[in-house]
Amino acid sequence: MDAAVEVSAESGFYDKNGAAKIRERIETRQQALAEDAERRKEAKQSQSVGEEKAGYFVSAFNAERAGIQELLAGCSGADRPAATQKLEEATARMTQLQKFLNDSMMFLSQYDIRVAQSALQKLQASLSEIREETLPKKKFTFRSRSKAAEKVSDPPPPPPPPSSEAARSGVTEVDGAAGSERADLSNISNQSLTKTSEEIQNRDVLLTHLTNCKVRLYGSPSTLHLKHIHACEILCGPVATSVFVDHCSNSVLAFPCQQLRTHHTTDTQVYLHVTSRAIIEDCRGVSFAPFCWTYPTLGQDFSASGLDRDRNNWTQVDDFNWLAAGTPSPNWTVIPEADRKTSWDP
């Protein structure tokens with residue numbers, strides 16, 4: 001008798017309803033097995049596609065990185081116009097390489113992302129070093145809003161002390177040499193500092209060894225470097241590529257950028273708009289909130305930077321010292337809404 005035949009225990013006759021139920025159960029099981037096999041097949045295909053994409057990324061990224069390195073090497077011994085052209089091309093290609101990485105993050109492993117980010121950071125450091133060697137900048141001088149300073153006609157005297165009016169306002173302006181490739185502020189304490197769009201637009205900006213300062217950077221710099229910052233409030237317009245923070249403590253920072261790299265930083269608040277990811281390493285007590293500073297030309301500066309104003313991944317923070325999957329890093333937090341700054345007046 002067929003396996004699907006079921007015999008009534010009472011009558012001993014063939015039970016058609018029982019046989020139908022058995023067939024139904026068998027068909028249901030077969031369908032479930034087929035669906036499971038299809039899911040596994042799709043998962044395998046998806047994994048294969050992801051691996052192919054990752055392999056292509058690594059190959060293309062390394063090829064472009066080698067091209068940029070070759071371009072930078074060509075600056076050695078070149079005359080100033082040729083070196084300037086090569087550096088501009090290298091900067092543009094690095095921006096595109098960063099965008100390539102950002103667009104590929106969805107299918108890359110954390111290891112691949114970290115290796116690529118490290119390579120980009122080294123390229124940026126090489127670019128800055130070669131630019132400094134090839135196109136040395138003039139020194140910046142500082143002058144206060146003092147009429148006495150403007151009346152000094154002797155060849156270059158030391159910076160005059162601030163007038164009583166400037167001392168009351170606490171405002172110091174920073175003048176840069178025309179055509180300089182980088183805008184710097186360094187070794188300053190207890191001052192309010194401002195740079196305009198004309199001074200920082202599309203340039204690398206370096207702020208280093210600042211203590212108890214308030215800094216306002218209006219415009220869209222190419223990159224922003226903050227090093228050895230203590231007890232400062234630093235606000236910056238949209239940064240076209242990366243912000244690098246190193247050895248910062250007890251400070252408040254606010255800026256939009258494409259990528260944030262933070263090292264050796266403690267007890268610092270970051271009001272952030274980031275279109276890729278924020279990365280911290282060797283940090284503790286760092287807290288984040290969405291960027292909320294505004295000024296009249298902010299919209300124009302966003303457009304100039306190329307950043308997507310509608311895309312903000314400020315809560316997507318990777319801690320390279322915390323690899324416990326599924327457990328939040330203790331080194332950073334989100335600032336509660338009730339504790340966030342809403343006024344940025346000097």
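Which residues lie on one side of strand 13, which lie on the other, and are they buried or exposed? The views below, taken from a predicted model, begin with this strand.

**View 1. Strand 13 is covered on both of its faces.**

**View 2. Strand 13 pairs with strand 11 and with strand 15.** Strand 11, made of residues 242–249, pairs with strand 13 in the parallel sense over 5 bridges, and here D246 stands opposite H263. Strand 15, made of residues 278–281, also pairs with strand 13 in the parallel sense, over 4 bridges, and in this pairing H263 stands opposite E281.

**View 3. Helix 2 covers residues 80–104.** Its 25 residues should span 36 Å at 1.5 Å a residue, and the distance of 36 Å between the end C-alpha atoms of helix 2 agrees with this. At the start of helix 2, a side-chain oxygen of D79 comes to within 2.9 Å of the backbone nitrogen of A82. The buried residues of helix 2 include A83, L87, A90, M94, L97 and L101. An α-helix has 3.6 residues a turn, so residues three or four places apart point the same way.

**View 4. Helix 3 covers residues 110–134.** Helix 3 has 25 residues and reaches 36 Å from its first C-alpha to its last, which is close to the 36 Å expected at 1.5 Å a residue. Among its buried residues are I113, A116, L120, L123, L127 and R131.

How values were computed. Residues are numbered from 1 along each chain as its sequence is written. This is a predicted model: local features need pLDDT of at least 70, side-chain atom pairs count only at pLDDT 80 or more; totals for chains, interfaces and linings use all residues. Side-chain values use heavy atoms; hydrogens and water are left out. Helices (H or I, at least four residues) and strands (E, at least two) are DSSP runs, numbered from the N terminus. The expected span of a helix is 1.5 Å times one less than its number of residues. Buried means under 20% relative accessible area, exposed over 50%, partly exposed in between (1.4 Å probe, protein chains only). Two strands pair if DSSP finds at least two bridges between them. A polar contact is a pair of N or O atoms within 3.5 Å; within protein, one must be able to donate a hydrogen and the other to accept it, and residues adjacent in sequence count only if both atoms are side-chain atoms.
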